[in-house]
Amino acid sequence: MASSAPPATGWAALSRDVLWSLFTDLGQREVLSGAGLACAPWRHLARDEPALWRRIDLTAAGDDTVPGWKAMALAAIDRSAGQCEAFWGRADEVLLYLSDRASSMKSLRLTSSYDVSSKVFAELMKKFPLLEELELVLFKSDAYTTKSKQPSNNSWIDLFRSTCEACRHLHHFTVRRTDKARHYRSYYEREEAERSLKRFSIPKMHGLHSLELSGGHLTKHLVINIVDNCPSLESLNISDMYLYLDTEEGKDLRNKCSQIKNLRLPEVYYVENFMVS
């Protein structure tokens, strides 16, 4: 008669509740980096418990220097077994994979080391209909070129509109650049941008509480459309964008936004100063 296996001792004998608490304290990076391989019970919990990966947080200082970050992100997504509701970490090369495996996603806090495509993002947001929070932080110092080194034609305003149309439960939307450099547009470039934004419109977003946009061009019509269609908006930060108005429009816009508690408008460029005679 074969002898039974000896009972687990030491670290392997920890109860599931204690081990769960330990993994929570260590953080998912540590679990993926080695803690989840310590012994059979640890491997089993780390690999076969989707609830442990329902909220994936792989953020860390100096993220670009961490070897194997992509493999860790993909492994975490796989272990969530379609139950992931929050993903915080790098978007580069993993967001498409995530979008096909997380239809219950509610919170995305993403970083990118190059200027990701706003058009690609707009398409991917359609796969997250329950999304409540989107935060995208762009780290590349040359913030106006793409990974292929071509000039960026991104429109984060269009991304915001597409996200509003696809994600009607949205509460928070942020696009932020760590490089605050802004590029002056000529009078004719401004005219072209204004024409392209005249038909801008978003659906009513009663649940949207905060909006932050960085890098781009705004008009009075666009800002008023956002304020009118987001009646619960408490925080609006567009201080790193360009806004061209005439003097009276500037006064009207501030009056229109007066009910927003946390308001940060950009430096206004009055069109009278740029008119060509």
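## Briefing: exposure, loops and helix contacts

With a relative accessible area of 47%, E93 is partly exposed, as that value lies between the limits of 20% for buried and 50% for exposed. The model described here is predicted. Its chain of 277 residues has 42% of them counted as buried, and the secondary structure consists of ten helices and nine strands. Among contacts in the chain with a separation of 6 or more, 72% are between residues 24 or more positions apart.

**Loop residues with positive phi**

- E93 sits in the loop between β2 and α5.
- The phi of E93 is positive, at about 70 degrees, although E93 is not a glycine.
- A81 also has a positive phi without being a glycine, in this case of about 50 degrees.
- The loop that holds A81 runs between α4 and β2, the latter covering residues 86-90.
- A81 counts as exposed because its relative accessible area is 52%, and the limit for exposed is over 50%.

**D78 in helix α4**

- D78 belongs to helix α4, which spans residues 69-79.
- The relative accessibility of D78 is 43%, so D78 counts as partly exposed.
- Apart from neighbours within four places in sequence, D78 contacts Y97 and R101.
- The side chains of D78 and Y97 are joined by a polar contact of 2.5 Å.
- R47 is 31 residues away from D78 along the chain, and the C-alpha atoms of the two are separated by 9.2 Å.

**S99 in helix α5**

- S99 is part of helix α5, made up of residues 95-99.
- S99 is buried because its relative accessible area is 5%, and buried means under 20%.
- Once neighbours within four places in sequence are left aside, the contacts of S99 are L124, K127 and F128.

**Helix α1 against helix α3**

- The axes of α1 (residues 16-26) and α3 (residues 40-48) come within 11 Å and cross at roughly 65 degrees.
- Angles of 65 to 115 degrees count as roughly perpendicular, and α1 and α3 are therefore roughly perpendicular to each other.
- The crossing of α1 past α3 is right-handed.
- On the α1 side, the contact is made by R16, L19, W20, L22 and F23; on the α3 side, P41, W42, L45 and A46 take part.
- By class, the residues of the α1 and α3 contact are eight nonpolar, one charged and no polar.

**Helix α6 against helix α7**

- Helix α6 covers residues 118-125 and helix α7 covers residues 156-166; their axes lie 9 Å apart at an angle of about 5 degrees.
- That angle makes α6 roughly parallel to α7, since angles under 35 degrees count as roughly parallel.
- From α6, the residues making the contact are S118, F121, A122 and M125; from α7, they are W156, L159, S162, T163 and A166.
- The residues of the α6 and α7 contact comprise six nonpolar and three polar, with no charged ones.

Methods:
Residues are numbered from 1 along each chain as its sequence is written. This is a predicted model: local features need pLDDT of at least 70, side-chain atom pairs count only at pLDDT 80 or more; totals for chains, interfaces and linings use all residues. Side-chain values use heavy atoms; hydrogens and water are left out. Axes are lines fitted to C-alpha atoms, for helices over the stretch in contact, and angles run from 0 to 180 degrees between N-to-C directions. Helices (H or I, at least four residues) and strands (E, at least two) are DSSP runs, numbered from the N terminus. Angles under 35 degrees count as roughly parallel, over 145 as roughly antiparallel, 65 to 115 as roughly perpendicular and the rest as oblique. A crossing is left-handed if the near helix is turned anticlockwise from the far one by less than a right angle, and right-handed if clockwise. Contact means heavy atoms within 4.5 Å. Ala, Val, Leu, Ile, Met, Phe, Trp, Tyr, Cys and Pro count as nonpolar, Asp, Glu, Lys and Arg as charged, and the others, Gly among them, as polar. Buried means under 20% relative accessible area, exposed over 50%, partly exposed in between (1.4 Å probe, protein chains only). A polar contact is a pair of N or O atoms within 3.5 Å; within protein, one must be able to donate a hydrogen and the other to accept it, and residues adjacent in sequence count only if both atoms are side-chain atoms.
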